[in-house]
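Q: I have a model open and want to learn to read it feature by feature. Where do we start?

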Amino acid sequence: MRRVLFSPSWLFRHALALFLIGLFARLGWWQWEKGQSARGTLQNLFYGVEWPIFAAAVVFGWWQMLREELHPTPAPETEPRSAPPLGADGAARADAYRLTIDDMTESTIDDEEGEAELASYNRYLAALHERDTSSGPRTR
């Protein structure tokens, strides 16, 4: 935790947050005093309330960044999408191969079965490619 809090980038963030909080507090105090003077207006009083709200926003943002740095949230796992292989008539096949990266890892399939299935899938893709390239360019 100390390594994170005292890294050069975080030292800059701490200094910037402290500077902004002090600046916004000072501007709020100045506007409040001006609003209460004889030449002050209601607008000055509203600004006197608004500047501390900006300071609170800086504190909230600084706290959120610090919390995310110390306890990062894991990225959501997404399942890769692939277009289903097409049959001879151009429609999606019901018995289409649905291989994902997890299917191809050593921990989830046997090497012999995986190699045979992968070789079969590669042959299928080669046949699709051959069919698409032999029919010539397509127009829309």
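A: Start with a helix crossing. This is a predicted model. H2 and H3 cross with left-handed sense.

Q: How are two packed helices described, and what are the values for H2 and H3?
A: Packed helices are described by the angle between their axes and the distance between those axes. Here H2 packs with helix H3 (residues 42-70) at an angle of about 165°, and their axes are 6 Å apart. Angles over 145 degrees count as roughly antiparallel, so H2 is roughly antiparallel to H3.

Q: Which residues make the nonpolar surface patch?
A: Phe12, Leu16, Phe19 and Leu23 make the patch, which covers about 410 Å². Phe12 belongs to helix H2 (residues 8-36).

Q: Is Phe12 buried or exposed?
A: Exposed means over 50% relative accessible area. Phe12 has 57% relative accessibility, so Phe12 counts as exposed.

Q: What about charged side chains: how many salt bridges does the structure hold?
A: Side chains of opposite charge can pair when their charged atoms come close. The structure holds one salt bridge. Arg131 pairs with Asp132 in a salt bridge, and their closest N and O atoms are 3.5 Å apart. The cut-off for a salt bridge is within 4 Å, so this pair qualifies.

Note on methods: Residues numbered from 1 in each chain as written. Predicted model: local features only at pLDDT ≥ 70, side-chain atom pairs only at ≥ 80, totals over all residues. Heavy atoms only, no water. Patch = residues over 30% accessible without salt bridge, like charges linked within 9 Å, V, L, I, M, F, W, Y side chains within 5 Å. Areas by Shrake-Rupley, 256 points an atom, 1.4 Å probe, with all protein chains shown as cover. Helix = DSSP H or I, 4+ residues; strand = E, 2+ residues; numbered from the N terminus. Buried < 20%, exposed > 50% of the residue type's maximum accessible area, 1.4 Å probe, protein only. Axes fitted to C-alpha atoms, helices over the stretch in contact; angles between N-to-C directions. Parallel < 35°, antiparallel > 145°, perpendicular 65-115°, else oblique. Left-handed = near helix turned anticlockwise from the far one by under 90°.
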